[in-house]
Amino acid sequence: MATFVCRVQFLDDTDPFNSTNFPEPTRPPLYTFREDIPLINQLAGIHRLLKAPHKVLPHSAALRTSRIRF
């Protein structure tokens, strides 16, 4: 079972002029992704970890990656 670990966070874009209702985490937590499980099946676990205020809608989820050195 191959895995990779990265930091995850959400962007609260429900109201771009109000960032006080659900502040984004200052230090994104680590999440271990499994390469043998489709990403769509791992979204619920990420959502629980982040305690994100949004509903998980498969057709509106987006993933952006960037390289971070630990």
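User: Hi! What pattern does the protein follow, read along the sequence?
Analyst: Along the sequence, the protein runs β-β-α. That comes to one helix and two strands, taken from DSSP runs numbered from the N terminus (helices are H or I with at least four residues, strands are E with at least two).

User: Is this predicted or experimental, and how are residues numbered?
Analyst: This is a predicted model, where local features need pLDDT of at least 70, side-chain atom pairs count only at pLDDT 80 or more, and totals for chains, interfaces and linings use all residues. Residues are numbered from 1 along each chain as its sequence is written, and side-chain values use heavy atoms, leaving out hydrogens and water.

User: What does the protein average for pLDDT?
Analyst: The average is 76, and 59% of the residues score at least 70; pLDDT is the predictor's confidence in each residue, from 0 to 100.

User: And which elements have the lowest and highest mean pLDDT?
Analyst: H1 has the lowest, at 86, while strand E2 (residues 30-34) has the highest, at 92.

User: Switching topic: where is Gln 42?
Analyst: Gln 42 sits in helix H1, which covers residues 39-50.

User: Buried or exposed?
Analyst: Gln 42 is buried, with a relative accessible area of 7%. Buried means under 20% relative accessible area, exposed over 50% and partly exposed in between, using a 1.4 Å probe and protein chains only.

User: What does Gln 42 touch?
Analyst: Leaving aside residues up to four places away in sequence, Gln 42 touches Tyr 31, Thr 32, Phe 33, Arg 34 and Ile 37. Contact means heavy atoms within 4.5 Å.

User: How much of the whole protein counts as buried?
Analyst: Of its 70 residues, 16% count as buried.
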